[in-house]
Amino acid sequence: MDIGDPAQIAKLPAADLVYLVAAIPSFVHCEADPRGTWRVNADAPVALARYYRSAFVVFVSSDAVEFCGKTEYGRQKAYVESILLAWDHVAVVRPTRISREVAPKVADYMLGVAMNRRPGLYRWS
């Protein structure tokens, strides 16, 4: 499925809870193809969160917003955060680098954020 295609998004099923985790997290790829990566990293999460406005949405951002804001990837994530944090059905989780070893802890943290259903910014480190 092309998550950047509004026609494809319209085919998605209804949901009560949505995690937005898809991204192209490569700094090199984002710098080399800012337009293409913007479609996946910025346009798609905003469109999906808008589509699922009756659900609670957890968007996984990145600490690149704080520490790498001058990179294309950091700008893309910051753009999405700036929109989604204004909506009352979205929580933004901003983790540090996710490795295989810490992935289960991050998943547990995101589950807790979703279960609380409180919009806002949550940092995980």
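Okay, one term before anything else: when I say buried, I mean under 20% relative accessible area, with exposed being over 50% and partly exposed in between, using a 1.4 Å probe and protein chains only. Keep in mind that this is a predicted model, so local features need a pLDDT of at least 70, side-chain atom pairs count only at pLDDT 80 or more, and totals for chains, interfaces and linings use all residues. Side-chain values use heavy atoms, with hydrogens and water left out, and residues are numbered from 1 along each chain as its sequence is written.

Let's start with β3. Strands here are DSSP runs of E, at least two residues, and helices are runs of H or I, at least four, numbered from the N terminus. So which residues cover the two faces of β3? On one side you have Val-90, Val-92 and Arg-94, on the other Ala-91, Val-93 and Pro-95, and all of them are buried. That's 6 of the 6 residues, so β3 is largely enclosed by the rest of the structure.

Now its neighbours. I call two strands paired if DSSP finds at least two bridges between them. β2 and β3 run parallel, joined by 4 bridges, and Val-57 has Val-90 as its bridge partner in β3. On to β4: that one is also parallel to β3, with 5 bridges, and Val-92 partners Leu-121 there. Here's the bit to look at on screen: the chain goes from β3 through α6 to β4, and this β-α-β crossover is left-handed. Right-handed would mean that, with the strands pointing away from the viewer, the path from the first strand over the helix to the second runs clockwise.

Okay, α6 itself. What covers them? Just after the helix, Arg-117 takes a positive phi of about 50 degrees.
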